[in-house]
Amino acid sequence: MPPKKQVDIKLMPIGNVPKLKKAKIFKLRRIDPFLVVQQGVSKVFSKHLKKGQVFTFSLQASFTPSPDETLGNLTECFGQNNTSLEVGYSLTPNYG
């Protein structure tokens, strides 16, 4: 069975960061770069950030993917059931 054309993105807040009021799964295209997730989170929470603050992002709480890596590739390697991807976001690096 061929993979779905979309990936379910679940955002996971790490530490003392703003949280979505309602847990939500975002559906993005497999061909979209990870940069789309980064920009989306930054836009949603832009009014909560102080000047100069930026989010860091991680998969499996261990590494930050390259902004140009496709969501399809990331989901195949690190996702759940090749259909969803959990993305952690934080205001400080959350891995060693």
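This is a predicted model: local features need pLDDT of at least 70, side-chain atom pairs count only at pLDDT 80 or more; totals for chains, interfaces and linings use all residues.

How many nonpolar, polar and charged residues does the lining of the largest pocket have?

1. By class, the lining of the largest pocket has eight nonpolar residues, together with one polar and one charged residue. The residues concerned are Ile9, Leu11, Phe26, Lys27, Leu28, Val36, Val37, Gly40, Val41 and Val44, and the volume of this pocket is about 150 Å³.

2. As to where the lining comes from, S1, S2 and H1 each contribute at least two residues, with H1 giving the most, namely five residues.

3. The strand pairing deserves a point of its own. S1 and S2 run antiparallel and are joined by five bridges, with lysine 10 standing opposite isoleucine 25 in S2. S1 also pairs with S4, here in the parallel sense and over six bridges, and isoleucine 9 stands opposite leucine 85 in S4.

4. Helix H2, which spans residues 71-78, has Leu71, Gly72, Leu74 and Thr75 among its buried residues. Seen down the axis of H2, the buried residues fall within an arc of 165°, and they therefore line one face of the helix. On the other side of H2, Glu76 and Cys77 are exposed.

5. What, then, covers the buried residues of H2? The cover includes strand S1 (6-13), strand S2 (25-29), helix H1 (35-44), strand S3 (56-59) and strand S4 (84-90).

Methods: Residues are numbered from 1 along each chain as its sequence is written. Side-chain values use heavy atoms; hydrogens and water are left out. Buried means under 20% relative accessible area, exposed over 50%, partly exposed in between (1.4 Å probe, protein chains only). Helices (H or I, at least four residues) and strands (E, at least two) are DSSP runs, numbered from the N terminus. The arc is that of the directions from the helix axis to the C-beta atoms. Contact means heavy atoms within 4.5 Å. On a 1 Å grid over the protein atoms alone, a cavity is a set of points where a 1.4 Å probe fits but cannot get out, and a pocket is an open set with protein on both sides within 12 Å along at least five of seven lines; lining residues have an atom within 4 Å of a point. Grid points are joined across faces, edges and corners, and a volume is the space filled by probe spheres set on the points. Ala, Val, Leu, Ile, Met, Phe, Trp, Tyr, Cys and Pro count as nonpolar, Asp, Glu, Lys and Arg as charged, and the others, Gly among them, as polar. Two strands pair if DSSP finds at least two bridges between them.
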